[in-house]
Structure formats: C-alpha cells, structure tokens
Amino acid sequence: MFYYFGYGSNMNLISLRAKGVDPIHSQKAILRGWKLTFNVQHWFRHEGGMGNIARSNNEDDLVEGVVHLCHDDQLASMDAMESFGVAYDRVEVQLETASGIIKAFAYIGMPDYLDNSCLPTRRYLNILLKGARAAELSESYIYNLSSYSLLPEIVYPVFEAPAGNFPIYTSETLAQHKHLTALLGAVFDMSKARPKLKVIEGLFGGKDMTLFHVKRHDTSTGTETLEDVKLGRISKPVQTYLNAYLNEYSQEFSYAGRYLSDPA
C-alpha cells in the first residue's frame, strides 16, 4: 500500500474514483512549507490551470488536503491520470495528520507545463471546495480556496459532425485503434495531435470517454451511467461541458466517424 496526498481535485473522492482510484482510507492532512498554485496547464484550453504545489520560503505557508491510503496496484492509474513524467513529477512529502506524521506521494508540476498566467475554472474549483468541505479542512483554508480568480468561461457553438461518408465504430472495433477515441457518439483521430497531447493517447485511445468526462464534472454524483447520457438524464451544465469537449476535440484532433455504444 502507499499514501497519496491529494491537494487538488483528488481531495474529492468522486473525482478520485472517476480516475480509477478507490482509497482504503482517507483523512485530512497539512503540508507545511509549501504553497498551492494553479499553474499547470491542462491539456485543453477551456480547462484552465490545474492545481500544483511549490516549496515556499515563507514558513507560515501551508497546503491543506487529503491523504489517501491506496492499494499498490492503483499507483499506475494515478501516474497515468496525472501524466507522471510529462506534466507532473512524483515526490515524497511529510504530512501532519491527526494520527501523526505520514510520508506520502504528491504530484508537482514539471517546468514545461507551468504557466503562471493560468487560472482555475469554476468547475474545477467547485470540485476542490466539495472535497475540502467533506474532509473538514479549516474554514480559513476553504475561504481562501473560494477566493481564487477564475478563468472566464468559453462559450462554444453546438458541435456538429462534419458531412461526409465516415465509418461507424463499436466498442469492439474502437478498441482495435489506439489512436482513436470517442465522445458522445463522435470518434476522433489523435494520431496527429500536438506534442503535449500525445500523452493522452495512452489514456483515451480505443475508448469512449463520455462517462469519464461526465464524472469529472463538479455536479457529478459518481453514479451516472451511459444509459443516463443516452436518455438525457444529465444536467444542462454537464451537457454544456461535453459540448465544450466535443469542440476542443474537433480542434485538436481529426473527426474520424460515428460511435455506437453498446446496448444497455
């Protein structure tokens, strides 16, 4: 088993489980001598800046978060979702908890992905705040979290698939093409993505990412199904969020066809 310190969206158990990590136990923790920032660029522009921690020269600086005890076989999933070795490095930190000092892994942004002009989105910050409140972090820390400046929301047109004779994929045929990914019935080719997006081919390749994105929304309960999506049993904000990703996928990748999800 290993300890992992979540200070960003991974304070939130719904968000963490959406990444395939279900901790054995979680408790609040304090990391002293570090500070929280949002200067790690997300893969997609509409997602703004992701959480990061950096060492501080101010001894009063600290980062509150949640330390999770996880099974060893979940470390690979964590590394993949946090782009270990590409966007984030993994380091060991020493935490203060109610049960004593704990040494845990934490992810810190790597230089090529840092941009101090980045701002978090409302969606992302809401996920942090829900996680912070559920973990009962200090009121002052929660207040400071809620006070961050936000990235202005980008308004996208309703996505429309391009006209043409494109192939149809199922889960079986999509899985045979690791450079393809699907979202809300559309298939995209990632093979010519810009260098910083190549890393997600291993995460998204051959898969329908619809439910992943649904469960990454701040309103998610973690219980949504593809049937809910098909029947329109998802909220307007989630629909807007998926449409934003369809537009971003179409800008970053090439439209490649239609996706027919498996029957319920």
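Two strands count as paired if DSSP finds at least two bridges between them. With that in hand, here are some close-ups of this predicted model.

**View 1. The hairpin of S6 and S7.** Strand S6 (88-97) runs antiparallel to strand S7 (residues 100-109), and the two pair over 10 bridges. They make a hairpin, with 2 residues between the strands. For a landmark, find Arg90: its bridge partner in S7 is Tyr107.

**View 2. Ser83, on the way into S6.** Most residues other than glycine have a negative phi. Look for Ser83 in the loop that links helix H2 (75-81) to strand S6. Is Ser83 buried or exposed? Its relative accessibility is 3%, under the 20% cut-off, so Ser83 counts as buried.

**View 3. Glu136, between two helices.** Here's another positive phi in a residue other than glycine: Glu136, near 60°. Glu136 sits in the loop between helix H3 (122-134) and helix H4 (139-146). Its relative accessible area is 58%, which is over the 50% cut-off and therefore makes Glu136 exposed.

**View 4. H3 against H4.** Now for the two helices on either side of that loop. Their axes come within 10 Å and cross at roughly 175°. Since angles over 145 degrees count as roughly antiparallel, that is therefore how H3 and H4 lie to each other. On the H3 side of the contact are Leu125, Leu128, Leu129, Ala132 and Arg133, and they meet Ile142, Leu145 and Ser146 of H4. Sorted by class, the contact has 6 nonpolar residues, 1 polar and 1 charged.

**View 5. A five-stranded open sheet.** Go across this sheet of 5 strands and the order reads S8-S12-S10-S9-S11, with mixed pairing. Which strands stand at the edges? They are S8 (168-169) and S11 (207-208); each has a single partner strand, so one side of each has no neighbour in the sheet. S11 pairs with S9 (residues 180-183) in the parallel sense, over 2 bridges. Across that pairing, Ala182 stands opposite Asp208 of S11. Helix H9 (residues 236-252) packs on the sheet, where H9 touches both S9 and strand S10 (186-189). The direction of H9 makes about 150° with that of S9.

**View 6. Phe204 and the nonpolar cores.** The largest nonpolar core has 67 residues, and Phe5 and Phe204 touch the most other members. H9 gives the most to this core, with 6 residues. A second, separate core has 7 residues, among them Tyr169, Leu180, Ala256 and Tyr259. Back at Phe204, what does this residue contact once its neighbours within four places in sequence are set aside? The list is Trp43, Phe44, Leu180, Thr181, Met190, Met209, Phe212, His213 and Tyr249.

**View 7. Gln251 in H9.** One more stop on helix H9 is Gln251. Leaving out neighbours within four places in sequence, Gln251 is in contact with Arg45 and Tyr156.

Terms used
Residues numbered from 1 in each chain as written. Predicted model: local features only at pLDDT ≥ 70, side-chain atom pairs only at ≥ 80, totals over all residues. Heavy atoms only, no water. Helix = DSSP H or I, 4+ residues; strand = E, 2+ residues; numbered from the N terminus. Buried < 20%, exposed > 50% of the residue type's maximum accessible area, 1.4 Å probe, protein only. Contact = heavy atoms within 4.5 Å. Axes fitted to C-alpha atoms, helices over the stretch in contact; angles between N-to-C directions. Parallel < 35°, antiparallel > 145°, perpendicular 65-115°, else oblique. Nonpolar A, V, L, I, M, F, W, Y, C, P; charged D, E, K, R; others polar. Core = buried A, V, L, I, M, F, W, Y, C linked by side-chain atoms within 4.5 Å.
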